Amino acid sequence: PVSALVDLVSTAPREKVVRVALSALRNLATCSGDEDPAPAGSPANGGKFFLTEMMAAGLMKAITLLQDRQFTDPDIVEDVEVLHKLLSENYKEMSRWEVYKTELESGHLKWGSTHTEAFFKENARTFEGTDGDFRLLKVLIALLSSRDEEIAAIACYDLGEFVRHYPNGRAIVKRLGAKDAVMPLIEHENPELQRHALQCVSKIMVNNWEYVK
């Protein structure tokens with residue numbers, strides 16, 4: 001999967017491994033859905049689809065770091081430049097909500113401009129979804145139990161901001177089991193996760209949270 005290739009690019013110490021992973025990512029980013037038709041009834045997975053997945057998995061940050069490294073293999077340098085250009089162009093075409101939605105659905109939450117008060121002020125109502133089923137809110141609540149402590153901390157923050165900026169958000173997240181999922185994290189050994197969990201619970205429980213923080 002794309003996330004495994006991105007992990008290799010980010011962590012592999014050997015140039016050969018980085019080169020193979022970058023080459024695979026470049027091939028995915030530049031493929032067209034016509035070259036490898038998807039099964040009937042499912043969407044075609046062209047380069048734009050894979051670029052969006054790469055964005056969600058954090059490839060842009062990894063590519064930026066690779067640009068600062070010195071490589072002896074010219075193929076790596078070329079692949080890094082091509083992927084950076086493609087990712088930048090794809091990002092410009094995506095709205096901030098699309099970036100967030102892709103990140104959320106991939107399960108790879110990373111701190112950034114979509115995890116801010118300003119973002120939730122602007123986008124809290126979008127969580128309703130076209131069917132009013134709050135599907136993405138349920139995905140966010142599920143990420144509270146992620147084994148990755150940073151992802152769980154970001155999920156706590158996002159959930160608290162949804163509660164603050166969505167009318168009756170408090171009642172909705174309680175109904176979906178968010179409070180029960182967050183409560184155990186208040187005693188987590190990771191102080192950063194513990195802090196975000198405590199703030200999240202406070203936002204769920206207190207009407208005017210900003211006055212007591």
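Which side chain meets that of Arg-164 in a salt bridge?

1. The model is predicted. The side chain that meets Arg-164 in a salt bridge belongs to Glu-117, at 3.4 Å from N to O. Because Glu-117 lies in helix α7 and Arg-164 in helix α9, the pair ties together parts that are 47 residues apart in sequence. Arg-164 counts as partly exposed, at 25% relative accessibility, and Glu-117 is also partly exposed, with a relative accessible area of 33%.

2. Glu-117 has a salt bridge with Lys-121 as well, at 4.0 Å from N to O. Both of these residues lie in helix α7, four residues apart, which is about one turn of the helix. Lys-121 counts as exposed, at 57% relative accessibility. A network of salt bridges links Glu-117, Lys-121, Glu-161, Arg-164 and Lys-203. The whole structure has 12 salt bridges.

3. Another of the salt bridges joins the side chains of Glu-105 and Lys-101, at 3.4 Å from N to O. This pair sits within helix α6, four residues apart. Glu-105 is partly exposed at 39% relative accessible area, and Lys-101 is partly exposed at 30%.

4. Beyond its neighbours within four places in sequence, His-165 is in contact with Glu-117, Phe-120, Lys-121 and Ala-124.

5. The largest nonpolar core has 35 residues, and Phe-127, Leu-137, Leu-140, Leu-159 and Phe-162 have the most contacts inside it. Elements supplying at least two residues each include α6, α7, α8 and α12. Helix α9 gives the most to this core, with nine residues. Apart from neighbours within four places in sequence, Leu-140 is in contact with Tyr-100, Leu-104, Leu-109, Phe-127, Ala-155, Asp-158 and Leu-159. A second, separate core has 25 residues, among them Ala-21, Leu-25, Ala-29 and Met-55.

6. The largest pocket holds about 740 Å³ of space. Its lining has 27 residues, with Met-55, Ala-57, Gly-58, Lys-61 and Lys-110 nearest the centre. Two or more lining residues come from each of α1, α3, α4, α6 and α9, and α4 gives the most, with five. By class, the lining comprises 14 nonpolar, six polar and seven charged residues.

Key: Residues numbered from 1 in each chain as written. Predicted model: local features only at pLDDT ≥ 70, side-chain atom pairs only at ≥ 80, totals over all residues. Heavy atoms only, no water. 1 Å grid on protein atoms, 1.4 Å probe; cavity = no way out; pocket = protein on both sides within 12 Å on 5 of 7 lines; lining within 4 Å. Points joined across faces, edges and corners; volume = space filled by probe spheres on them. Nonpolar A, V, L, I, M, F, W, Y, C, P; charged D, E, K, R; others polar. Core = buried A, V, L, I, M, F, W, Y, C linked by side-chain atoms within 4.5 Å. Buried < 20%, exposed > 50% of the residue type's maximum accessible area, 1.4 Å probe, protein only. Contact = heavy atoms within 4.5 Å.
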